[in-house]
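Subject: Handover of the two-chain model

Hello,

I am passing this structure on to you, with notes on what came out of it. Please look it over first and then read on.

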Amino acid sequence: MKRLVVALLVLSSSLPCLAAEQATSKGVFLKESQNVLAPLQFVKFCMNYSRECEQSSPEAQLPARDVAFAMLEEVNASVNQAISPVTKSTEPLLARWTISPSSGDCNDYAITKRHLLLAKGLPASALRLAVVYAPAGGHLVLIARLQDGDYVLDNLTSDVRDWRGSSYQWVSMESGENPRVWVSIAKQDHRDFAELGSK
Amino acid sequence: MRMIPGLVIALLLAPSTSDAATAVDVACAPAAAGVTAEKATQFLDNPAGLLAGIAEGEEGRLSAAVRDFATMRPETVEGIGSLSSASSPAQNRAIGAGLGTAASTCVLSHPATAMAIQEAVLKTENNDLIQSFVSITGDVPTTAVPGSDPNGESIAGGGRATTAPQAAGSVSSSTSTTFTGASAPSTTTFFSAASVTSINPLAQTSPTN
């Protein structure tokens, strides 16, 4: 009987992992590939806001959709509303990502959303900044990784979307293990960065 | 059940890939004969001394020397700021190229070292060095704002963007930053550049990438 209880405990504790593996096989998560350099402005961001770049607890689990999705929608909408859009310089010395500015660009929106969701208790491993190519050029979004997949919080759209619903080409994002480390995003059907040159 | 203690011990003894790459003094490549610990110490004692051994017009040698130091003796990135201060624009471009190559090499196996190199580059605040570094590493500029999407995705965030004049800033170790809205954690501010001084409501949005 004791062995049966232990077996059930082991099985139940592994269920989220099994669910995540099954979700990965269905393509609901962006696939991480090899380490790449973080955007230089992200490095500056970590120098200026070191606490924003701390790792989450190793025990932290991905949030369930029914718990977190409404929170994502609320934060996405409120930040999109609160920050006035403004085109800023991308010159390395001039550029600066700022949390909760009165006006800003995609970088400021994304880090502000991440900051607010961290404050609400979501783990850093579930909140990944990601560089994509939008039709107009380089763009930064926030990926929220929930148990059932990856969702995009974006200053260009009002809805929180499944990553597969966007037309972006995915370049790189923060790793789940260490938010300071960035990884390239592996080939994802027809939308990956590697195929940019062939189109 | 006897296997479980053995498994636990094996897991405890297994090397952690994340820990292995967190120390910034971990070399990304085995030290070559010419890049000894003694030379690294000499460099850190007098970073500008590296320039004395390299004649003007031989920036390629400077670039290679910086690359080798950064990949084989990463502790030497501490001296990059002093080296940059003593260098000409051409020499700073060479230093940036060397560091860009080193960071690109290091990132695959030693991402923490690569990030330490990036931090050293930013701390120089030297535009020639940084531009050269970025040209090697291929940083993607990100600056999308609503209204910049030609495909007309829905506008969020209050309409078309304006353009903010940018003001050059300087490195500061004591400047405090004031935030509107949600409060950010208080940390040391290294960069106070790019302050938005005014917004021109008539300015057109122009994607800059």
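How many helices and strands does chain B have? Chain B has nine helices and three strands. Please keep in mind throughout that this is a predicted model.

Overall make-up

Along the sequence, the elements of chain B run α-α-α-α-α-α-α-α-α-β-β-β. Chain B has 209 residues, and 38% of them are buried. Taking contacts in chain B between residues at least 6 apart in sequence, 75% join residues at least 24 apart.

Chain A comes to four helices and nine strands, in the order α-β-α-α-β-β-α-β-β-β-β-β-β. Of its 199 residues, 53% count as buried. For chain A, 61% of the contacts between residues at least 6 apart in sequence join residues at least 24 apart.

Helix packing in chain B

On the H7(B) side the contact is made by B:Gly96, B:Leu99, B:Ala102, B:Ala103 and B:Cys106, and on the H8(B) side by B:Thr113, B:Ala114, B:Ile117, B:Gln118 and B:Val121. Sorted by class, the contact of H7(B) with H8(B) has seven nonpolar residues, three polar and no charged ones.

The crossing of H5(B) and H7(B) is right-handed. From H5(B), the residues in contact include B:Leu62, B:Val66, B:Arg67 and B:Ala70; from H7(B), they include B:Ala94, B:Leu99, B:Ala102 and B:Cys106. By class, the contact of H5(B) with H7(B) has 11 nonpolar, six polar and two charged residues.

The nonpolar core

The largest nonpolar core has 93 residues. Those with the most contacts inside this core are A:Val132, A:Val141, A:Ile143, A:Ala144, B:Leu99 and B:Ile117. H8(B) gives the most to the core, with eight residues. B:Leu99 and B:Ile117 also belong to the contact of H7(B) with H8(B).

In chain A, leaving out residues up to four places away in sequence, A:Val132 touches A:His139, A:Val141, A:Tyr168, A:Gln169, A:Trp170 and A:Val171.

Helix packing in chain A

Helix H3 (residues 65-82) of chain A packs with helix H4 (residues 106-119) of chain A at an angle of about 140°, with the axes 10 Å apart. H3(A) and H4(A) are therefore oblique to each other. The crossing is right-handed. In the contact, A:Met71, A:Val75, A:Asn76, A:Val79 and A:Asn80 of H3(A) meet A:Tyr109, A:Thr112, A:Lys113, A:Leu116 and A:Leu117 of H4(A). This contact has six nonpolar, three polar and one charged residues.

One residue of H3(A) has its own entry here: A:Ser78. Is A:Ser78 partly exposed or buried? A:Ser78 counts as partly exposed, because 15 C-beta neighbours lie inside 10 Å. From A:Ser78 to A:Val181 there are 103 residues in sequence and 28 Å in space, C-alpha to C-alpha.

Regards

Terms used
Residues numbered from 1 in each chain as written. Chains lettered and ligands numbered in written order. Predicted model: local features only at pLDDT ≥ 70, side-chain atom pairs only at ≥ 80, totals over all residues. Contact = placed C-beta atoms within 7 Å. Helix = DSSP H or I, 4+ residues; strand = E, 2+ residues; numbered from the N terminus. Nonpolar A, V, L, I, M, F, W, Y, C, P; charged D, E, K, R; others polar. Core = buried A, V, L, I, M, F, W, Y, C linked by C-beta atoms within 7 Å. Buried ≥ 20, exposed ≤ 12 C-beta atoms within 10 Å, placed from the backbone. Left-handed = near helix turned anticlockwise from the far one by under 90°. Axes fitted to C-alpha atoms, helices over the stretch in contact; angles between N-to-C directions. Parallel < 35°, antiparallel > 145°, perpendicular 65-115°, else oblique.
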